[in-house]
Amino acid sequence: MIKIESVDIPKELQNEIKDYFKPKTVEKTKGKRKPRTKKDKVYEKVKDYIFKKPQEINEIIKRMGTVNGDKEINDVYDGFKIKIQAFYFDILKLRVCPYCNETPIYYIENSSKNYQNFEFDHIMPKDKYPYLALSLYNLVPVCKYCNSKKGNKEGLPNIYLDEIMYNYNIIPRDDGDFINLEDFKIIKRNLLNADNLDKLLHLENRYNLSLHKEYLVNLLKKIEYYNKDRIDDLLDSGLFSTKDEILNRVFEEIRIIANDSNKPRHKLTRDILEQFKVLGIIENYY
Ligand SMILES: [Zn+2]
C-alpha cells in the first residue's frame, strides 16, 4: 500500500460536479412545485462533504459517527461514479493499484465505449458512512481483487493520510537458497499501520505467487552475477568505458521500477534491493 500524496481538486472537476447536480428547471404542475428528484435530495445530504480534504473527513466522522446505509445515496452514487471516474482517476495519476502495488490500473477512452479495469473503494464504507459516499477523498481507484477483498470493511489505513510502513524481505526455507523458487519465501514485516493489510488484502500470499518469485530470482541472479569483480572485468575488456554504463545497461528496467511508485512491484523491488544492500547503487547510478 503506497500513500497517495494529496492532490487539489481542480476547479473544472468541482464545476462539473456542481453542474451534474444542478436542479433542472422547476416545472410547475397545477400550481404545485414538482417534487424534487432523488438526485436533488441526495445532493442536499452529501454536498458539504464532496470536496472535503482527508483530514477534514476524519473530523466529520468523529462528529457524525456511523449511520444506516441509504439506498437513495447508493443509487445516486452509481451515476456520480460514472460521471467522475475518468477525471478523478486522471487527477490522481495512478497507474498501478495503490493498495497492492501489484496490478496495473487504467482507463481507456474509446470512441464507442470507454473501459476501465479499476473500481472505487470507499475507504469508509458507504453502508456505514453514507454521507461520505460521494466524497472524493473517500474514494480510491483500486484493482478489482483489492476491492473485492476489502469490500465494505473498515480497518485499512487511510491511503491519503496515514504513513504506512512495512518491508518485504525474503528468507530461505531451511537450507535453501534464493535461486530456487521453492527454497525461499517472501515475508512482510509490519512496522506502522500495516497490520490489517494481510487480513484484508492478502498481500503476503499474493507476493509469494511464483509470478513474483520468478521475478525476484532473476533480479537476484543479476545482482549476484554483476558483482564488483565482474564489473571490473567488463571495464578491463574495453567494451564499456564507465561503471555507470554497465550498470545502466544491466539494471535499467530494475532502476525504472525502483524509482517509480507507479510501477507494479515498485515496493517489493526496493525492499529486496535494500535487503541485499544494493538499492543505493541501482537507484543512483545514472
Ligand atoms: Zn490491488
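Helices and strands here are DSSP runs, numbered from the N terminus: a helix has at least four residues, a strand at least two. Keep that in mind for the labels below. The model is predicted.

**Stop 1: the two domains.** Select residues 11–150 of the protein chain and colour them. This is domain 1 in the domain assignment. Now give residues 165–284 another colour; they make up domain 2. The C-alpha centres of domain 1 and domain 2 are 38 Å apart.

**Stop 2: where the domains touch.** Look for the contacts between them. Domain 1 puts in 12 residues, and domain 2 puts in 11. On the domain 1 side, six of the residues are nonpolar, two are polar and four are charged.

**Stop 3: an annotated stretch.** Select residues 97–153. An unreviewed UniProt entry places the feature "domain: HNH" here. Switch to a cartoon view. Residues 97–153 are 12% helix and 25% strand.

**Stop 4: E102.** Find helix α4 (71–92) and strand β3 (107–108), then select E102 in the loop between them. Is E102 buried or exposed? E102 counts as buried because it has 22 C-beta neighbours inside 10 Å, and the cut-off for buried is 20 or more.

**Stop 5: the neighbours of E102.** Leave out residues up to four places away in sequence. E102 then touches C97, R206, P264 and R265. Show R265 next. How far apart in sequence are E102 and R265? They are separated by 163 residues in sequence, yet their C-alpha atoms are 5.6 Å apart in space.

Technical notes: Residues are numbered from 1 along each chain as its sequence is written. This is a predicted model: local features need pLDDT of at least 70, side-chain atom pairs count only at pLDDT 80 or more; totals for chains, interfaces and linings use all residues. Domain bounds come from an automatic or database domain assignment. Two residues are in contact if their C-beta atoms, placed from the backbone, lie within 7 Å. Ala, Val, Leu, Ile, Met, Phe, Trp, Tyr, Cys and Pro count as nonpolar, Asp, Glu, Lys and Arg as charged, and the others, Gly among them, as polar. UniProt positions are given in the numbering used here, feature names are shortened, and annotations may be inferred rather than shown by experiment. A residue is buried if 20 or more other C-beta atoms lie within 10 Å of its own, exposed if 12 or fewer, and partly exposed in between; C-beta atoms are placed from the backbone.
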